[in-house]
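Biologist: I would like to go through the assignments in this model one at a time. Please set each value against its criterion before drawing the conclusion.

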Amino acid sequence: MLVLGEKLLKENVITKAQLDAGVERQRHYGGRLGQNLIALGFVTERDIKKLYQKDPPPPRTVEDTGLDLSFIADLITKHILFMGEFRMADVVERVKLPLSVVGAVLEVLKRERLVEIKGATSYASASYTFKITELGQKRSSELMELCRYAGPAPVSIEDYRNMVELQTIRSVAINDASLRQGFSHLVCSEDLFKRLGPAVTSGKTVFIYGPPGNGKTAIAEAIGHVPEDLVYVPYAIDIGGQIITVYDPVNHMPVVPVLPQESVDQRWVLVRRPVVMVGGELTMRMLDLDFNVISKYYEASLQLKANNGIFILDDFGRQQVEPRQILNRWIVPLDRNIDFMTLHTGMKFVVPFDMLVLFATNLDPNSLLDEAFLRRIRYKVAIDRPTKEQFQLIFKMVCQGADVPYDQAVFDYLMNDCYPRYGAVPNACHPRDLIEQIVVESRYNSVPARLTRENIDMACANYFVRGDS
């Protein structure tokens, strides 16, 4: 894949001398090449963003789609089986291909007597009303036995690789201001910002660890929402005639496109950078293609869905598989930014592995991984229990959010009497959980939620176990 410097040269944004100067500065000061070129005044952030965010142009011909004519014809034949009478615009809406391509394919289907024209309101082909023939119904049923996919037309694997490269997560410019904005709903120490900022900006793997209940998951989720730019995700990918569905409404958040439909390839969906989170339910099968033996097409792996975004592996070490197995599976992807997938036919192919990977755990990292694996995870960020000042601020924020008036005397009672009584240590999650107990109790008794000694005693009695630490 082309690196940033080569792309800038190819687009005539910078000269070779400017590139050499940027590389030289990078050797001395570190950081990304783009940041050094910006510091030297050779490019702007807008130049780099524009370079890595290009809208996919709509195909004008069958050749432009990257798909075989027969493949598109078969896909349309499966669609029209359920449509009865239809017009070209109906097919366009379903397969996400322009009229020029759909019209060419329907001409082929008409010559093969799979469809016929039933009527027209004018001489323009776009006004024709088509109907599938008995021969077309038979052909469609045969195709359904081979593969039941009848969704939008896929993009080629080559086009997918190119788009992932253009939208690489490594092009995202995250600074201190944007990071703090993304964490505005959390209480974090200055030291955390100093450590986490460079770790996220690096685009390398980040390992977040510390005692349970202190915001590791919340921090990982907040990191996932710091990037505000948009990327394109395909509905599906074609690889050697096999279809892999990629777009997933659960993990991909679509946005309203700015550009008109006719100026963008509709086989791509504009989304926020994806954030894929998985916890103890992770299995090795989820990291590979999922082939449905009934429908006879594939669903993308979790990391394919996370491309150009962020992959969060929460509760690392509590999966059904050993942590070492997961990292063994990802040694090459983490090092080389590529992954190898295998079809059920045995065919292997390469896909991009372009994502920020975040591991979060409350277990001791040294008990999970040996030195060789820990070395491959470049950034380890410890999340400790909050200080008394931080805990008080969190408590106030939770009270405000739950519309429970804050009472300093009751807070002092909680800290000086309740915690020692139960042998407990304040964790960042406690304010949320204790105030929730008070809110539920007040709702049950149909009274306003108040912060009192009696209520906090009740909440602690429900929440803590004596001797808990």
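Biologist: Why is Asp176 called partly exposed?

Modeller: The model is a predicted one, and in it Asp176 has a relative accessibility of 43%. Buried requires under 20% and exposed requires over 50%, so Asp176 counts as partly exposed.

Biologist: What makes the contact of Asp176 with Arg180 a salt bridge?

Modeller: The closest N and O atoms of Asp176 and Arg180 are 2.7 Å apart. The criterion asks for a side-chain nitrogen of Lys or Arg within 4 Å of a carboxyl oxygen of Asp or Glu, and the pair is therefore a salt bridge. Both residues belong to helix H10 (residues 176-182), and because they are 4 residues apart, about one helical turn separates them. Arg180 is partly exposed, since its relative accessibility is 29%.

Biologist: Which residues do shared partners join into one network, and how many salt bridges are counted?

Modeller: Salt bridges with shared partners join Asp176, Arg180 and Glu190 into one network. The count comes to 19 salt bridges.

Biologist: Let us turn to the rings. Why is the pair of Phe395 and Tyr406 called edge-to-face?

Modeller: There are 22 aromatic pairs by the rule applied. In the pair of Phe395 and Tyr406, the ring centres are 6.3 Å apart and the planes stand at 65 degrees. Centres within 6.5 Å make a pair, and planes over 60 degrees apart make it edge-to-face, so that term applies here. The pair links distant parts of the chain, 11 residues apart: Phe395 is in helix H17, and Tyr406 is in the loop between H17 and helix H18 (408-422). Phe395 is buried, with a relative accessible area of 1%, whereas Tyr406, at 26%, counts as partly exposed.

Biologist: What makes the pair of Tyr422 and Phe464 tilted?

Modeller: The centres of the Tyr422 and Phe464 rings are 5.7 Å apart, and their planes are at 35 degrees. Stacked requires under 30 degrees and edge-to-face over 60, so the pair is tilted. Tyr422 lies in helix H18 and Phe464 in the segment after helix H20 (453-463), so the pair ties together parts that are 42 residues apart in sequence. Tyr422 counts as buried at 6% relative accessibility, and Phe464 counts as buried at 6%. Ring pairs link a cluster that includes Phe395, Tyr406, Tyr422 and Phe464.

Biologist: How do you know that the second largest pocket lies between two domains?

Modeller: Domain 3 (167-382) and domain 4 (388-463) both give residues to its lining, so the second largest pocket lies between them. About 790 Å³ of space lies in this pocket. Its lining has 35 residues, and Val187, Asn214, Gly215, Lys216 and Ala428 lie nearest its centre. Among the elements that give two or more residues to the lining are helix H11 (190-202) and helix H17 (388-401). By class, the lining has 17 nonpolar, 10 polar and 8 charged residues.

Biologist: What sets the phi of Lys296 apart, and where does Lys296 lie?

Modeller: Lys296 has a positive phi of about 65 degrees although it is not a glycine. Lys296 lies in the loop between strand E11 (290-291) and strand E12 (298-299). Its relative accessibility is 31%, so Lys296 counts as partly exposed.

Biologist: Where does Asp315 lie, and what is its phi?

Modeller: Asp315 is in the loop between strand E13 (309-313) and helix H14 (323-336). Its phi is near 50 degrees, a positive value in a residue other than glycine. Asp315 counts as partly exposed because its relative accessibility is 31%.

Definitions and conventions:
Residues are numbered from 1 along each chain as its sequence is written. This is a predicted model: local features need pLDDT of at least 70, side-chain atom pairs count only at pLDDT 80 or more; totals for chains, interfaces and linings use all residues. Side-chain values use heavy atoms; hydrogens and water are left out. Buried means under 20% relative accessible area, exposed over 50%, partly exposed in between (1.4 Å probe, protein chains only). On a 1 Å grid over the protein atoms alone, a cavity is a set of points where a 1.4 Å probe fits but cannot get out, and a pocket is an open set with protein on both sides within 12 Å along at least five of seven lines; lining residues have an atom within 4 Å of a point. Grid points are joined across faces, edges and corners, and a volume is the space filled by probe spheres set on the points. Ala, Val, Leu, Ile, Met, Phe, Trp, Tyr, Cys and Pro count as nonpolar, Asp, Glu, Lys and Arg as charged, and the others, Gly among them, as polar. Domain bounds come from an automatic or database domain assignment. Rings of Phe, Tyr and Trp (its six-membered ring) pair if their centres lie within 6.5 Å; planes under 30 degrees apart count as stacked, over 60 as edge-to-face and the rest as tilted.
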